[in-house]
Amino acid sequence: MENETVSKNFIEQFIDEDLAEGKYKEVVTRFPPEPNGYLHIGHAKSILLNYGLAKKYGGRFNLRFDDTNPTKEKTEYVESILADVRWLGADFEDRLFFASDYFDQMYEAAVKLIKKGKAYVCDLSAEEIREYRGTLKEPGKNSPYRDRTVEENMDLFERMKNGEFADGEKVLRAKIDMASPNMNMRDPVIYRVARMSHHNTGDKWCIYPMYDFAHPIEDAIEGVSHSICTLEFEDHRPLYDWVVRELEYETPPRQIEFAKLYLTNVITGKRYIKRLVEENIVDGWDDPRLVSLSALRRRGFTPDSIRMFMEMVGVSKANSSVDYAMLEYCIREDLKLKKSRMMAVLDPIKVIITNYEEGKVEYLDAPNNLENEELGSRQIPFCRELYIEREDFMIEPPKKYFRLYPGNEVRLMNAYFVTCQDYKTDEDGNVTEIYCTYDPETKSGSGFTGRKVKGTIHWVAAPYAKQVEVRLYENIVDEEKGVYNEDGSLNLNPNSLTILKNCYVEPMLGEAAPGESFQFVRKGFFCVDTKDSTPEKPVYNRIVSLKSSFKPNKK
């Protein structure tokens with residue numbers, strides 16, 4: 001039991017304490033996104049952490065949209081977030097909530113604070129409120145409207161709700177302490193006048209609660225036991241606790257903060273991604289060069305790989321950065337035993353086997369994954385004309401080049417030994433065709449034990465191969481120079497997307513459904529694009545290359 005306690009993260013230790021002391025009967029967590037953009041890899045940490053805790057303790061997990069700011073919120077974002085949470089496997093069952101579901105209760109909560117003398121209507125402008133607020137070294141000053149009577153505040157707040165005041169003309173503020181060392185406690189605004197149509201409540205309201213007021217109320221109404229959030233909310237915790245205490249909720253939730261996930265050399269800021277989308281630098285929030293969850297899904301990442309990544313990252317109180325290569329390591333580990341290893345030629349050059357009978361085709365047996373026999377094998381066509389990779393042939397090779405060159409013999413993967421006899425070039429000296437002979441005695445799987453060859457290359461049968469488009473991705477920002485230029489603009493990598501239109505793949509790869517993924521021998525893991533691919537023109541995205549710069553710690 002002692003070892004089990006040591007292995008728990010600090011949040012689990014807090015939960016254990018609370019349960020042992022009888023503070024809560026069950027663990028209830030929530031993921032509370034604001035529907036003002038698409039979720040990214042950092043949100044996945046929060047989703048999986050909150051869902052994982054609820055599952056571990058046999059509790060409940062809620063999905064709740066914090067939709068208190070209609071200016072930035074769209075139904076499109078709500079739908080994308082729902083898709084992402086479901087994709088990750090975080091099952092909220094029938095517990096889908098919106099902050100806007102509770103607007104009536106939040107209004108009543110504000111009235112309760114007014115009646116208790118804990119909230120007042122203030123006429124100061126936003127700029128004046130900032131001036132009165134003071135600084136980290138200087139205490140704030142009381143608003144001249146702070147001592148309004150309960151009756152006057154009740155009347156003004158009712159009139160705010162009824163639309164009698166212009167946007168920004170009046171606000172409702174909590175009456176706490178203008179001299180508090182915590183700036184968040186210096187009479188924060190808890191309601192503002194804002195004539196905005198809401199995606200969920202339409203035009204019912206012209207006043208809206210502020211996030212710091214709404215959030216603890218939502219948690220308390222839903223019976224959330226542990227409100228898990230990121231470190232930037234640590235200074236807001238006293239206000240969170242003040243709200244649930246002053247509103248006298250029977251079982252106040254406990255807020256616990258953890259460190260955000262920072263990935264090296266990627267863009268997660270919504271305003272920057274929004275700019276990339278609006279300036280057509282990327283083709284949407286799901287562009288595979290981004291790390292939004294919809295982009296990772298489109299690129300071919302799996303929920304299992306994201307979960308593995310989050311387990312490796314862990315949960316801590318200290319901010320730190322994680323190498324993007326760790327995320328790539330996780331998808332490789334997840335796919336390497338699950339996916340068939342197929343042959344695809346991305347930069348083709350034609351090979352003609354001069355002593356192979358014209359018009360003849362034979363079907364050869366090829367194992368789908370040498371590390372996982374359960375995936376079985378497939379039949380691949382072999383004939384006189386093939387495509388191989390241009391990099392697998394050189395006229396004048398360097399030392400230790402074991403692939404094809406004039407006079408050299410290599411193995412064609414799952415097929416025969418072939419020897420280069422000649423080649424043809426165009427007027428610029430580029431090789432256009434290679435002429436080989438094959439040895440019929442060397443058929444793969446025939447038990448041939450004669451001479452050995454050092455090089456094995458992959459190929460596809462030219463008449464049967466399917467032409468596809470392949471997209472190769474790199475990080476969208478330049479890793480060497482950092483994310484931002486001196487003027488604050490994004491330092492974009494000009495090689496973040498390479499499109500290869502003249503690629504050839506095994507016949508069955510041309511029939512794969514959108515989202516299906518495979519390993520292309522020597523080239524990496526690829527999946528069929530879910531947005532642009534069609535049966536007539538298949539498009540493959542490279543998920544990740546085979547080589548890794550990440551070295552996991554072996555325990």
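The side chains of Arg298 and Asp529 meet in a salt bridge with an N to O distance of 2.7 Å, a salt bridge being a side-chain nitrogen of Lys or Arg within 4 Å of a carboxyl oxygen of Asp or Glu. This pair links distant parts of the chain, for Arg298 belongs to helix H11 while Asp529 sits in the loop between strand E26 (524–528) and strand E27 (539–544), 231 residues apart; helices (H or I, at least four residues) and strands (E, at least two) are DSSP runs, numbered from the N terminus. Both Arg298 and Asp529 are buried, where buried means under 20% relative accessible area, exposed over 50% and partly exposed in between, with a 1.4 Å probe and protein chains only.

The model is a predicted one, in which local features need pLDDT of at least 70 and side-chain atom pairs count only at pLDDT 80 or more, while totals for chains, interfaces and linings use all residues. Residues are numbered from 1 along each chain as its sequence is written, and side-chain values use heavy atoms, with hydrogens and water left out.

Arg298 and Asp529 are also members of a network of salt bridges that links them with Asp283, Asp286, Glu469, Arg471, Lys501, Lys531 and Asp532. Leaving aside neighbours within four places in sequence, Arg471 is in contact (heavy atoms within 4.5 Å) with Arg298, Asp529 and Asp532, and its other partners are Leu497, Thr498, Ile499, Val539, Tyr540, Asn541 and Arg542.

The structure holds 56 salt bridges, and two further pairs can be followed here. Glu391 forms a salt bridge with Lys523, the closest N and O atoms being 3.0 Å apart. Glu391 lies in the loop between strand E17 (385–389) and strand E18 (409–412), and Lys523 in the loop between strand E25 (517–520) and E26, so this pair ties together parts that are 132 residues apart in sequence. Glu391 counts as partly exposed, at 43% relative accessibility, whereas Lys523, at 14%, counts as buried.

The other pair is formed by Asp123 and Arg148, whose side chains meet in a salt bridge of 2.9 Å, N to O. Because Asp123 is placed in the loop between strand E4 (119–122) and helix H6 (126–133), and Arg148 in the loop between H6 and helix H7 (150–161), the bridge ties together parts that are 25 residues apart in sequence. Asp123 is partly exposed, with a relative accessible area of 22%, while Arg148 counts as buried at 15% relative accessibility.

Next comes the surrounding of Arg95, approached from two sides. A polar contact of 2.9 Å joins the side chains of Asn62 and Arg95, and another, of 2.8 Å, joins the side chains of Glu93 and Arg95; a polar contact is a pair of N or O atoms within 3.5 Å, where within protein one must be able to donate a hydrogen and the other to accept it, and residues adjacent in sequence count only if both atoms are side-chain atoms. Asn62 lies in strand E2, residues 60–65, and counts as buried at 1% relative accessibility. Not counting residues up to four places away in sequence, Asn62 touches Val28, Thr29, Arg30, Phe31, Phe92, Arg95, Phe97, Glu222 and Val224.

Glu93, by contrast, counts as exposed at 53% relative accessibility, and has its place in the loop between helix H4 (75–88) and strand E3 (96–98). Although Glu93 is not a glycine, it has a positive phi of about 50°. Glu93 and Leu63 are 30 residues apart in sequence and 9.1 Å apart in space, C-alpha to C-alpha. A positive phi, of about 60°, is also found at Asn280, which is likewise not a glycine. Asn280 is in the loop between helix H10 (270–278) and helix H11 (293–299), and is exposed, with a relative accessible area of 64%.

Finally, two helices may be considered together. The axes of helix H3 (residues 41–56) and helix H12 (residues 303–313) come within 10 Å and cross at roughly 80°; axes are lines fitted to C-alpha atoms, for helices over the stretch in contact, and angles run from 0 to 180 degrees between N-to-C directions. H3 and H12 are therefore roughly perpendicular to each other, since angles under 35 degrees count as roughly parallel, over 145 as roughly antiparallel, 65 to 115 as roughly perpendicular and the rest as oblique. Ile41, Ala44, Lys45 and Leu48 in H3 meet Ile306, Arg307, Phe309, Met310 and Val313 in H12.
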